[in-house]
Every structure is written in C-alpha cells, then in structure tokens.
Amino acid sequence: MTTPAANPAATSAGSTAPATSAASAASPDVTSSELLSAVAARELAGRRTVFAGIGLPTLAASLAHLTVAPGLEVVYESGVCGAHPSHLPETIADAVLITDAEAVIPMPTLFGSVLQGGHIDVGFLGAAQIDKWGNLNSSVIGDWHRPRARLPGSGGANEVMANAAEVFVVMRRHDPRSFTEKLDFCTSPGPDRALADGIRPLGAGVTRVITELGILAREGVGEELRLAALHPGVTAEDVRAATGWDLQVAGDLSVIEPPTESELALLREDVDPERVYLR
Amino acid sequence: MAVESAVTNGPADRTDRTDGTDGTRRGDSPADKTVTMREAVAAYVHDGDTVSLEGFTHLIPTAAGHEIIRQGRRDLTVVRMTADIVVDQMLAAGCVSRLVSSFVGNSSAGSLGELRRRVEHADPEPLAFEEYSHYGMICRYIAGAQRLPFYPLRSYGGSDLPGVNPALRKVTSPYPGPDGESEEIYVVPPVNPDVTFVHAQRADRSGNTQVWGLTGVQAEAVYAARKAVVVVEEVVEDEVVRSDPNRTLIPAHAVDAVVVCPRGAHPSFAQGYYDRDNAFYRSWSAISKDKERLTAWLAEWVHGTADHAEYVAKLGEEFWEGLAVGEAMSRPVNYGRRL
C-alpha cells in the first residue's frame with residue numbers, strides 16, 4: 001500500500017511523450033518489470049533493511065537478497081519482518097508472508113518504533129507524480145477538494161518519506177505529466193519541503209528514481225534530482241524531453257548494464273516463476 | 001473538516017462497562033457477552049454515530065459492515081485506516097456522510113467506484129473526507145485509547161495534507177531538541193469512536209480476544225472506543241484462552257459484545273481459517289464502477305441475505321473449499337507451574 005496505483009487519469013501518456021515509446025531500453029525479450037526490478041536490485045547493494053510494498057519493490061528486494069545484498073531484510077507495511085513465504089505474495093498482507101515469518105509486529109510498533117525509530121535504510125515508494133526535489137503525489141489529480149481523479153492517498157508513504165534513511169522510487173511511466181514541475185498535491189514531501197515547514201527530517205528523501213529510461217539521483221537536502229544513468233539506446237535528450245522540468249544531467253553520466261543472464265534467470269526461475277509480477 | 005468536528009468525541013466514559021445493565025450479560029460470572037450480529041448492530045450503532053471498523057487487510061470486519069447496511073443506518077462517520085471494499089459498500093448503501101481514513105483504494109487491485117463518484121463528482125452526494133496518513137491514524141487511536149489531548153509524530157512536515165485537514169497541527173516541543181534548539185512537531189487529535197468493530201480468530205464468552213498473524217491497530221481502536229464489539233470465527237472455552245494468555249490481544253474488560261460469525265472477514269482472510277479472496281478484490285473495480293451493477297450486488301448479497309450465515313451459504317461449500325488453508329501449527333510454549 002505504499003505503492004499506490006499509477007495515475008489512472010494519465011492513460012494516454014504514450015501518445016504525448018514520444019520518448020517513452022521510443023526508448024524501451026531493454027532488448028525485446030526483457031520485460032519492463034524485469035528491467036526495473038533488476039536495476040533497482042543493484043541499487044540495494046550494501047543496504048540492510050528495506051520497507052517495501054508488493055510488486056516491483058518485492059521483486060527487486062528478493063533479487064538483491066540473492067545477489068548484491070544477501071543480508072537484506074524486507075519489512076512489510078503490514079508488520080511482517082523476516083518473511084519466508086512459500087509462494088510469491090499477492091499483497092503486503094498475504095497469509096504466506098505470515099506463516100514461517102521471523103516476526104509479526106503490531107502497527108504502532110512498526111510505524112512508531114521501527115520506521116520512526118530510524119531502523120529502515122531504504123523505503124520503496126510509488127507515486128502518480130514526482131517533482132525535481134523528489135516530493136511525491138499519491139493523493140489526487142486536480143484539486144483536492146474536487147479532484148479529477150481521486151488516488152489512494154498516503155497510506156504509509158508520508159511516514160516512509162519522513163523516516164527512512166533514503167527512498168527509492170520506481171516509476172513505470174516516465175513522461176512530463178508524471179515527472180512534473182509542480183505537483184497537483186504533495187502527499188509525501190522530501191526533506192527540503194519539511195525544512196521549509198520548520199520540521200527537521202530524519203532521512204535524505206528520494207535518492208534514486210528508476211524508470212525505463214534511466215536513473216535519476218540526488219544525495220540529500222538542497223539537491224535536485226539529476227539524470228545519473230541511461231539505459232542503452234536512450235539519450236539524455238530523450239529523458240529531458242520526457243521530464244516536465246529542466247532536468248540537469250550529471251557530468252559522469254553512465255550507461256546501465258542490461259539485466260544479465262544470471263539476474264534474469266534468478267527473477268524468472270527463483271523469484272517469480274509464475275510470473276505474477278514479471279509482466 | 002473543522003478540527004472541532006474531528007474531536008467531537010470527548011473522553012469516553014467507560015464506567016458503564018461493568019454495571020451489567022446493558023443487556024449483554026446472560027449468565028453468571030464471568031459474563032457471557034455473546035450476542036447476534038443483528039443484536040450488536042441494533043444496540044451499538046445509531047444514526048449519526050462515529051463507527052470504527054479496523055483490521056489491516058487481515059480480519060476486516062466485513063460482516064459487521066454488511067449488517068450496518070441491512071439495518072439502514074444513516075449519517076455515520078466511518079473511521080478506518082484502509083477504506084477499502086467494505087467502506088465502498090457502506091458508501092453505496094447510503095450509510096456514510098463522513099470518512100476518516102489514510103488510504104482510499106481497493107488494496108493494490110484497483111479503485112473504489114462509489115468512493116470516487118462521491119469524492120470526484122459529489123454523486124449522489126458529497127462525502128466529507130478527513131484525510132490522514134497511516135501513522136497519523138494510528139496515533140489518533142493511541143491518543144484516543146490513552147485519553148490524551150494529542151499525539152506527536154514526525155510526519156506531515158511540508159506536506160499539503162495539513163492544508164486540507166486543519167486537525168493536523170504543529171506544536172513546539174517543551175524540550176530542546178538534540179542540538180539544544182527548540183523543535184516543532186505535528187500532532188494529531190484523539191479519536192474516540194462511539195463503537196469499534198474488530199474481527200478476530202477466537203474469544204471466550206466474556207470477550208478475551210485472541211488474534212494471531214497481523215494484529216494491526218485493533219487493540220488501540222478498541223480501547224479508544226466507548227463501546228467495542230469483537231466478531232470472532234469461533235467462541236472457545238475459557239481454558240483454551242487461558243492456556244496461552246499472551247495470545248490475548250484484547251482483554252474482556254474492553255469488550256462489550258462478542259459476535260460469533262464464521263467467515264465474517266470475507267473477502268479478507270483469517271490467518272489459519274481461510275485465505276483471502278483475491279478474485280473478489282480484483283472484480284470489485286468493475287462492480288463498483290457501474291452504479292447499477294453495484295446496487296444489484298448489494299441487493300443480492302447484502303439486502304438479499306438475512307444475515308452473514310446466509311451470505312456464507314449462498315457462496316457455497318465449493319467456493320469455501322477454494323479458500324481453505326492447510327495446517328502450520330505453532331509449537332506450544334511452557335508457561336510453567338509452581339511445583
């Protein structure tokens with residue numbers, strides 16, 4: 001539930017953002033989910049605890065566990081820690097996450113002591129809109145009082161942003177309506193907005209945004225998201241055209257290695273053999 | 001949306017819990033608080049009340065929501081962290097004028113058609129929506145349960161939520177921060193529902209309620225309320241509860257009524273009893289998107305059934321076999337006894 005459904009108002013984004021369709025980066029036999037989860041998994045190297053919803057974040061965390069972060073613990077918003085599911089969970093509260101788990105904790109403990117207590121290294125969030133400071137909107141498209149589209153809202157996203165040491169955002173859609181100069185509503189503010197409101201944030205806010213075009217990154221307070229890496233075949237201009245603000249490009253822009261045979265095999269055979277999320 | 005209305009429920013008076021005159025006691029001590037769902041809703045839910053239904057994806061008190069619909073309650077304020085299918089159904093049935101929530105979606109399976117019609121188009125009428133984040137809701141229950149005037153949390157700094165919800169306010173900590181400077185922090189007001197419904201695996205007749213798996217915020221929601229109803233898969237003998245007292249999430253003193261209602265959490269699940277009906281979750285977007293189809297669904301499955309037992313029977317044994325779960329028993333612990 002920290003990964004609200006994509007913006008239902010923006011269903012024709014492909015037609016307004018040619019870069020999106022032009023730049024399906026991976027080779028045709030690698031799906032979007034495989035690409036995004038493989039790249040997100042690599043970014044988890046060295047992290048110990050991740051707060052994740054179901055879907056791409058779970059795939060990424062599971063793959064990281066098998067590759068770059070063997071000690072990684074996934075904490076679910078439902079209160080499950082150290083899950084050992086017999087089947088791929090369909091929701092953050094799937095019964096298979098509870099059976100055989102290392103711990104199941106009440107919500108006041110999870111949100112109060114674990115998350116606000118500073119025990120989460122990386123929180124995964126989704127959003128309908130993101131701006132250059134990594135502020136997120138998962139509440140409404142249009143005016144809050146009479147929205148064009150009512151989205152699920154914060155759930156725990158506001159708390160994940162405020163308290164996780166850093167936040168990774170995986171966006172399936174990279175177009176100017178989702179990557180916007182001005183959010184319709186700020187559900188989950190990064191540290192710069194919090195500071196402007198007189199609140200001292202615990203974490204760095206969004207540090208990675210992973211899309212089919214590349215990776216945007218920022219390190220913390222006072223920094224904008226910059227284009228840090230590109231998928232093969234994508235140009236910086238493609239990404240700038242698909243981004244609704246004047247996107248800065250890192251001097252040391254790198255090219256992302258496509259998902260390896262080994263990563264794909266693990267995703268397809270071990271992590272999600274029934275292809276529940278690997279669409 | 002005014003904060004006054006967010007805190008209209010003042011400190012709840014719990015002294016009426018133990019006087020034994022509320023009609024729920026039927027036997028000798030310890031009290032037998034078992035009643036039917038029909039009796040519980042008739043006794044504890046009135047037009048205009050603030051009603052909390054809690055259960056975070058697990059153990060959602062759907063059957064309680066359905067009985068509230070059957071009895072035609074109106075003008076309710078519903079308090080629920082994850083306003084999902086049961087809330088959409090109560091909205092469609094015309095029971096709810098105000099919603100207090102931190103997530104308004106059909107899990108990860110899609111949209112709530114009626115909620116979106118109410119919020120986006122005021123169709124058929126506007127819905128007052130008091131919006132929080134999950135931890136904001138949790139802190140409101142904690143403050144309510146502990147009869148505190150407010151509860152602080154490190155959320156909301158820089159968010160647009162306080163701009164649309166004036167109950168989210170900032171205070172200056174009376175203590176210096178770690179750097180010696182003064183510190184500001186957001187607070188939420190308590191919530192004290194007139195009644196809280198929770199679903200659980202089992203309880204004894206006096207209401208000692210045992211829950212395993214995801215326990216969510218149920219205990220706080222019960223203690224925050226003036227009256228509390230626990231709906232259970234089964235009532236067990238006192239000895240069963242007392243063989244494992246740490247499993248008791250909600251002690252009997254906090255419970256006014258116990259309703260036995262097997263499979264009452266469908267389409268959510270009850271750990272160890274039945275699995276989640278994921279197909280129904282996926283179907284809800286299409287059902288609720290079409291107002292006529294939604295009305296027909298309510299007519300058939302809620303108004304068209306006398307009670308939850310009929311709803312369960314109507315789904316059929318074959319259906320329930322599809323949600324059956326196998327055994328994964330915990331190992332008993334030794335509580336010890338004095339030799």
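Me: What share of the contacts in chain A between residues at least 6 apart in sequence join residues at least 24 apart?
Reply: The share is 68%. Two residues are in contact if their C-beta atoms, placed from the backbone, lie within 7 Å. This is a predicted model: local features need pLDDT of at least 70, side-chain atom pairs count only at pLDDT 80 or more, and totals for chains, interfaces and linings use all residues. Residues are numbered from 1 along each chain as its sequence is written, while chains are lettered from A and ligands numbered from 1 in the order in which they are written.

Me: What makes A:Leu266 of helix α10 count as buried?
Reply: A buried residue has 20 or more other C-beta atoms within 10 Å of its own; an exposed one has 12 or fewer, and partly exposed lies in between, with C-beta atoms placed from the backbone. A:Leu266 is listed as buried, as are A:Glu263, A:Leu267 and A:Val271.

Me: Why are the buried residues of α10(A) said to line one face of the helix?
Reply: Seen down the axis, they fall within an arc of 95 degrees, so they line one face. The arc is that of the directions from the helix axis to the C-beta atoms.

Me: Which exposed residues does the face turned away from the buried side of α10(A) carry?
Reply: A:Glu261, A:Ser262, A:Ala265 and A:Glu269. The buried residues pack against α3 (32-43) and α4 (56-66) of chain A.

Me: How many helices and strands does chain A have?
Reply: Ten helices and 14 strands. Helices (H or I, at least four residues) and strands (E, at least two) are DSSP runs, numbered from the N terminus.
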